[in-house]
Amino acid sequence: MPEPHEDPDVVSRRIARESLSQDDPTGWFDRLYAAAEDGAAVVPWDRGTAHPMLIEWVDESHPDGTGKTALIVGAGTGWDAELIADLGYETTAFDISPTAVQTARRNHPDSKAQYVTADLLAPPAEWHRAYDLVVEIYTVQALPIDLQPAAIKQVGEQVAPDGTLLVIAASRPDDVPDSEVEGPPWPLTRAAIQSFSTPDLRLIQLDQSPSPVDPTILRWRAEYLRD
Ligand SMILES: C[S@@+](CC[C@H](N)C(=O)[O-])C[C@H]1O[C@@H](n2cnc3c(N)ncnc32)[C@H](O)[C@@H]1O
């Protein structure tokens, strides 16, 4: 339980550390969202708006979601899902945290998106290759490095033929060894970004840009296309 008047940032970090030290790499997300509901913690990634790099991609690509489906991975409180649903995509947004899903539904009572609880590491079979657009922002990097290859594989598996995958992630130089990364998060190397691609899911665009908040942090924006 948080101490009275404890700094919400400190509480957030402590909740993550406790779960990870108990070998429970995903349990902390729901505890964090629940503590945030009570005002005892902050959800550090909750921007109250869609991710600026997703907005940028939409502005550049002008995707038309009419008659298409979209899957938002680790959707948190729903801001990215709302942007995509408003483009006409029949949007499914999922998160492992039931409290995040409840918060997203409450934040967006008139939403056209469907918010569901699911685990990226064991997704429903009917999602397999079912989505014309899959959006993954900061979920893989929130998982310890040993879980990332399985998570990356599952992200790609949900992209339909002719579908697009968009990945936005913090970037880590390739020469920084795994053992030196004190997550969460565990930012993605170029090799990790390249590993989303398979023989029929091709990386078609890769950009790296500094965060406007902290220019020492670089972020990937990667787009893949399924043949
Ligand atoms: C760093 S947050 C990013 C949230 C959102 N994508 C954003 O950019 O604001 C990671 C999110 O992924 C969710 N998450 C973590 N592991 C997951 C898993 N295995 N399956 C589904 N969601 C997961 C967390 O609950 C959290 O909402």
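Arginine 221 forms a salt bridge with aspartate 207, their closest N and O atoms lying 3.8 Å apart, where a salt bridge is a side-chain nitrogen of Lys or Arg within 4 Å of a carboxyl oxygen of Asp or Glu. Because arginine 221 lies in strand 7 and aspartate 207 in strand 6 (residues 201-210), the pair ties together parts that are 14 residues apart in sequence; helices (H or I, at least four residues) and strands (E, at least two) are DSSP runs, numbered from the N terminus. Salt bridges with shared partners join Glu56, Glu60, Asp207 and Arg221 into one network.

The model is a predicted one, in which local features need pLDDT of at least 70 and side-chain atom pairs count only at pLDDT 80 or more, while totals for chains, interfaces and linings use all residues. Residues are numbered from 1 along each chain as its sequence is written, and side-chain values use heavy atoms, with hydrogens and water left out.

In the whole structure there are 12 salt bridges. One of them joins the side chains of arginine 221 and glutamate 60, at 2.9 Å from N to O, and this pair links distant parts of the chain, since arginine 221 is in strand 7 (residues 218-226) and glutamate 60 is in helix 3 (residues 52-61), 161 residues apart. Another is formed by lysine 112 and aspartate 86, whose closest N and O atoms are 3.1 Å apart. Lysine 112 sits in the loop between helix 5 (98-107) and strand 3 (114-117), and aspartate 86 in the loop between helix 4 (79-85) and strand 2 (90-95), 26 residues apart. Both lysine 112 and aspartate 86 are exposed, where buried means under 20% relative accessible area, exposed over 50% and partly exposed in between (1.4 Å probe, protein chains only).

The table gives the accessibility of some residues discussed here.

| Residue | Relative accessible area | Class |
|---|---|---|
| Arginine 221 | 4% | buried |
| Glutamate 60 | 49% | partly exposed |
| Aspartate 207 | 30% | partly exposed |
| Tyrosine 33 | 5% | buried |
| Tryptophan 45 | 29% | partly exposed |

Helix 2 (residues 27-37) and helix 5 have axes that come within 7 Å and cross at roughly 45 degrees; axes are lines fitted to C-alpha atoms, for helices over the stretch in contact, and angles run from 0 to 180 degrees between N-to-C directions. Helix 2 is therefore oblique to helix 5, as angles under 35 degrees count as roughly parallel, over 145 as roughly antiparallel, 65 to 115 as roughly perpendicular and the rest as oblique. The contact (heavy atoms within 4.5 Å) is made by Asp30, Tyr33, Ala34 and Glu37 of helix 2 and by Pro98, Thr99, Ala100, Thr103 and Arg106 of helix 5. The buried residues of helix 2 are Gly27, Trp28, Phe29, Leu32, Tyr33 and Ala35, and these pack against helix 1 (8-21), strand 2 and helix 5.

The structure also has 7 aromatic pairs, with rings of Phe, Tyr and Trp (its six-membered ring) pairing if their centres lie within 6.5 Å, and planes under 30 degrees apart counting as stacked, over 60 as edge-to-face and the rest as tilted. The rings of tyrosine 33 and tryptophan 45 have centres 6.0 Å apart and planes at 75 degrees, so this pair is edge-to-face. Since tyrosine 33 lies in helix 2 and tryptophan 45 in the loop between helix 2 and helix 3, the pair ties together parts 12 residues apart in sequence. Ring pairs link Trp28, Phe29, Tyr33 and Trp45 into a cluster.
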